[in-house]
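Let's take a friendly walk through a protein model, one region at a time. Keep the picture beside you as you read.

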Amino acid sequence: MAASDFTSAPIREVFCSVQGEGPYVGTRQAFVRFSGCNLNCNYCDTDFSNPGTCNYEQVEGSGIFEKIKNPVSISQLESMLKPFKKLHSVSLTGGEPLLHADFIEKLNLDSPLYLESNMTLPEQARKLTEKVAYVSGDFKLPKLIRGMGSEARETHMENTVECFRLLRKNQSRDCFCKVVVDSNTELETVTPAVEAIAPYVSCVILQPETPIGRDVTNPRPSQSIQASVQNIMELQKSLLEIIDTRVIPQTHRMWGCL
Ligand SMILES: C[S@@+](CC[C@H](N)C(=O)[O-])C[C@H]1O[C@@H](n2cnc3c(N)ncnc32)[C@H](O)[C@@H]1O
Ligand SMILES: Nc1nc2[nH]cc(C(=O)O)c2c(=O)[nH]1
Ligand code: SF4
Ligand SMILES: [Mg+2]
């Protein structure tokens, strides 16, 4: 897993699109997708490898990519983002962007930073407490992480809660939590997670797992790993006792944009 030094980072792609997930769905963003991740979620829809170059879609929505040599320097990335106008914010995603916190800390951009993170690296999160204006933090359910044994689960929970505490909502930052749920997700596993982070977030989003490599325009495939509408609405009803809880599927996968 290649992390970045202070001045350059391995970046998989840079493009402009609209936010497809969570409460800011539809806002115009530039996306910076860093390479590398510290987790292996069984539902992950993203190629975050580093093939040695970064795909750069300079013209919004064109589908035409230039290849930039990796690693990309801070000044190169700042210049690459300049053509994108009228942005709500710049999404820092991956892979796991917190692996590149030293690099992010040095970025100087015109738009606010929107961090999209798995929230498992508190020592890295600490470096960005003054830097990011939006935090879209996942709470990863341990059952959906490949290779996570029962001994590691307690530390995983502690690290996640500490990340939310460090990057919590305040006067100059919104912080919300997304939980990806599948057909086996039980209220008993989601409730303690939501209770623990509720003081730090503005709302919780239940994000139904989108089947990878299947026809996402067919919402009810016969043997679905997706949570049933009834199950997810039961989850929402219980969690609404704790905090504003919304159900928002990934909209960009339906539309077919990046
Ligand atoms: C690719 S991840 C990158 C950022 C960070 N590593 C994380 O997991 O939050 C971006 C978002 O996509 C979500 N995601 C990935 N695969 C998904 C799928 N098959 N269905 C629903 N959400 C998915 C993740 O849970 C996360 O909220
Ligand atoms: N349109 C769009 N919205 C997104 N929201 C989170 C994404 C991600 O992969 O981090 C993503 C993405 O890849 N595309
Ligand atoms: S943490 Fe994010 S990028 Fe990493 S495997 Fe999970 S969903 Fe994919
Ligand atoms: Mg994505």
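Predicted model: local features only at pLDDT ≥ 70, side-chain atom pairs only at ≥ 80, totals over all residues.

## A helix and its cover

Which residues of α5 (residues 187-197) are buried? They are Val190, Ala193, Val194 and Ile197. These residues lie on the same side of α5, because they cover an arc of only 95 degrees around the axis. An α-helix has 3.6 residues a turn, so residues three or four places apart point the same way. Glu188 and Pro192, on the other side of α5, are exposed.

## The nonpolar core

Now look at the largest nonpolar core, which has 55 residues. The members that touch the most other members are Val32, Leu115, Phe164, Cys177, Val179, Ile197 and Val201. Strand β10 (residues 174-181) supplies the largest share of this core, with 6 residues. As general background, nonpolar side chains in soluble globular proteins tend to be buried together.

Leaving out residues up to four places away in sequence, valine 32 touches Ile11, Val14, Leu77, Val90, Ser91 and Leu92.

Next come the ligands. Ligand 1 has 19 residues around it, and Tyr43, Asp45, Thr46, Asp138 and Thr210 come nearest. Two elements, β8 and β10, each give two or more residues to this shell. By class, the shell around ligand 1 holds 5 nonpolar, 8 polar and 6 charged residues.

The surroundings of ligand 2 are made up of Ser17, Val18, Gln19, Gly20, Glu21, Thr46, Thr93, Glu116, His252, Cys257 and Leu258. That shell divides into 3 nonpolar, 6 polar and 2 charged residues. Around ligand 3 you will find Cys37, Leu39, Asn40, Cys41, Cys44, Thr46, Phe48, Gly94, Gly95, Glu96 and Asn118. Here the classes are 5 nonpolar, 5 polar and 1 charged.

An unreviewed UniProt entry places the feature "binding site" at Val18, Gln19, Gly20, Arg33 and Thr93. Let's visit two of these positions. Valine 18 sits in strand β2 (residues 11-18). Beyond its neighbours within four places in sequence, valine 18 is in contact with Gly26, Thr27, Arg28, Gln29 and Cys257.

Glutamine 19 is in the loop between β2 and β3 (28-34). Glutamine 19 counts as buried, because it has 22 C-beta neighbours inside 10 Å. If we set aside residues up to four places away in sequence, glutamine 19 touches Tyr24, Val25, Gly26, Thr27, Gln29 and Ser91.

Most residues other than glycine have a negative phi, and most peptide bonds are trans. With that in mind, look for some exceptions.

Where is a cis peptide bond found? One joins asparagine 70 to proline 71, with omega near -5 degrees. Proline 71 belongs to the loop between β5 (66-69) and β6 (72-73). Another cis bond links glycine 94 and glycine 95, where omega is about 15 degrees. Glycine 95 is in the loop between β7 (89-93) and α2 (101-105), and Gly94 and Gly95 are among the residues surrounding ligand 3.

Positive phi values turn up too. Lysine 86 has a phi near 60 degrees and lies in the loop between α1 (74-81) and β7. For methionine 119, phi is near 55 degrees. Methionine 119 is in the loop between β8 (113-117) and α3 (122-125), and it counts as buried because it has 27 C-beta neighbours inside 10 Å.

## One last stop

Finish at methionine 233, in helix α6. Methionine 233 is exposed, because 12 other C-beta atoms lie within 10 Å. From methionine 233 to arginine 253 is 20 residues in sequence and 21 Å in space, C-alpha to C-alpha.

Definitions and conventions. Residues numbered from 1 in each chain as written. Chains lettered and ligands numbered in written order. Near = placed C-beta within 6 Å. Nonpolar A, V, L, I, M, F, W, Y, C, P; charged D, E, K, R; others polar. Core = buried A, V, L, I, M, F, W, Y, C linked by C-beta atoms within 7 Å. Buried ≥ 20, exposed ≤ 12 C-beta atoms within 10 Å, placed from the backbone. Helix = DSSP H or I, 4+ residues; strand = E, 2+ residues; numbered from the N terminus. Contact = placed C-beta atoms within 7 Å. UniProt positions renumbered as here; feature names shortened; annotations may be inferred. Arc of directions from axis to C-beta.
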